[in-house]
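Trainee: I have a new structure to read. Can we go through a few features together?

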Amino acid sequence: MHVNHTIPPIYDVSSNILILGSMPSVVSRNKKSYYAHPQNQFWKLLADVYEENILNKEEFLHRHHIALWDVVKSCEIEGSKDSSIRNVECNDIVWLLKQTKIKRIFITGKKAYQLYQKYIRNETNIDAVYLPSPSPIYQMMKYGEKLNLYKQIRDS
């Protein structure tokens with residue numbers, strides 16, 4: 001199925017960290033919200049990294065100068081499976097960098113990282129930091145191990 005990314009990036013001019021995923025899941029696309037699947041650990045990981053409750057996701061991101069978007073603008077995908085992503089068109093990450101003060105890029109998941117490396121890295125000249133997927137499907141790593149890696153966001 002061909003899918004277009006319809007959720008705008010979350011950022012402001014003071015954003016200095018960018019977190020990129022691959023393509024929103026079916027649940028996220030339907031809710032028009034990033035990492036919206038109730039079992040996705042993304043928002044819990046960020047809450048634990050910054051040791052605070054997230055009452056308003058957008059306010060939280062702005063307060064911590066974090067921008068949020070995805071690598072993929074459109075693609076063919078089966079449901080929410082990153083491994084099925086084909087015929088990719090990427091979002092204009094360079095455009096976003098010009099609107100902000102982003103100096104660090106973190107990427108959640110192997111497919112997003114591979115696509116960034118293949119299509120975007122040479123345009124941005126920013127080495128991205130790989131973070132394990134917060135998806136409920138990715139269970140190769142325990143939550144505490146993921147949390148330790150996600151703490152790099154706060155420490156950057």
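Trainee: With which side chain does the side chain of Glu76 make a polar contact?

Mentor: First, keep in mind that this is a predicted model. For a polar contact, look for paired N or O atoms within 3.5 Å. Here the side chain of Glu76 reaches the side chain of Asn87, at 2.8 Å.

Trainee: Where does Glu76 lie?

Mentor: Glu76 lies in strand 4, which covers residues 72–76. Beyond its neighbours within four places in sequence, Glu76 is in contact with Met1, His2, Ser84, Ile85, Arg86 and Asn87. The C-alpha atoms of Glu76 and Ile107 are separated by 20 Å, and the two residues are 31 apart along the chain.

Trainee: Is Glu76 buried, partly exposed or exposed?

Mentor: Read the relative accessible area. Under 20% is buried and over 50% is exposed. Glu76 has 35%, so this residue is partly exposed.

Trainee: And Val71, is that residue buried or exposed?

Mentor: Use the cut-off again. Val71 has a relative accessible area of 0%, so Val71 is buried. Its place is in the loop between strand 3 (66–70) and strand 4.

Trainee: Which residues is Val71 in contact with, leaving aside its neighbours within four places in sequence?

Mentor: Among them are Leu20, Gly21 and Ser22, then Glu89, Cys90 and Asn91. Ala112, Leu115, Tyr116 and Ile120 are in contact with Val71 as well. For Val71 and Pro8, 63 residues apart along the chain, the C-alpha separation is 12 Å.

Trainee: Now the helices. How do helix 2 and helix 6 pack?

Mentor: Take the angle and the distance between the axes. Helix 2 (residues 42–50) and helix 6 (residues 143–155) pack at about 65°, with axes 9 Å apart. Their crossing is right-handed.

Trainee: Which residues meet there?

Mentor: Helix 2 brings Phe42, Lys44, Leu45, Leu46, Asp48, Val49 and Tyr50. They meet Tyr143, Lys146, Leu147, Tyr150, Lys151, Ile153 and Arg154 of helix 6. By class, the contact has nine nonpolar residues, five charged and no polar.

Trainee: What is the reach of helix 6 from its first C-alpha to its last?

Mentor: Compare the span with the expected one. Helix 6 has 13 residues and reaches 19 Å, close to the 18 Å expected at 1.5 Å a residue.

Trainee: Which residues of helix 6 are buried, and what do they pack against?

Mentor: The buried ones are Lys146, Leu147, Tyr150 and Ile153. The buried residues of helix 6 pack against helix 2, strand 2 (17–21), strand 3, strand 6 (104–108) and strand 7 (128–131).

Notes. Residues are numbered from 1 along each chain as its sequence is written. This is a predicted model: local features need pLDDT of at least 70, side-chain atom pairs count only at pLDDT 80 or more; totals for chains, interfaces and linings use all residues. Side-chain values use heavy atoms; hydrogens and water are left out. Helices (H or I, at least four residues) and strands (E, at least two) are DSSP runs, numbered from the N terminus. Buried means under 20% relative accessible area, exposed over 50%, partly exposed in between (1.4 Å probe, protein chains only). Contact means heavy atoms within 4.5 Å. A polar contact is a pair of N or O atoms within 3.5 Å; within protein, one must be able to donate a hydrogen and the other to accept it, and residues adjacent in sequence count only if both atoms are side-chain atoms. Axes are lines fitted to C-alpha atoms, for helices over the stretch in contact, and angles run from 0 to 180 degrees between N-to-C directions. A crossing is left-handed if the near helix is turned anticlockwise from the far one by less than a right angle, and right-handed if clockwise. Ala, Val, Leu, Ile, Met, Phe, Trp, Tyr, Cys and Pro count as nonpolar, Asp, Glu, Lys and Arg as charged, and the others, Gly among them, as polar. The expected span of a helix is 1.5 Å times one less than its number of residues.
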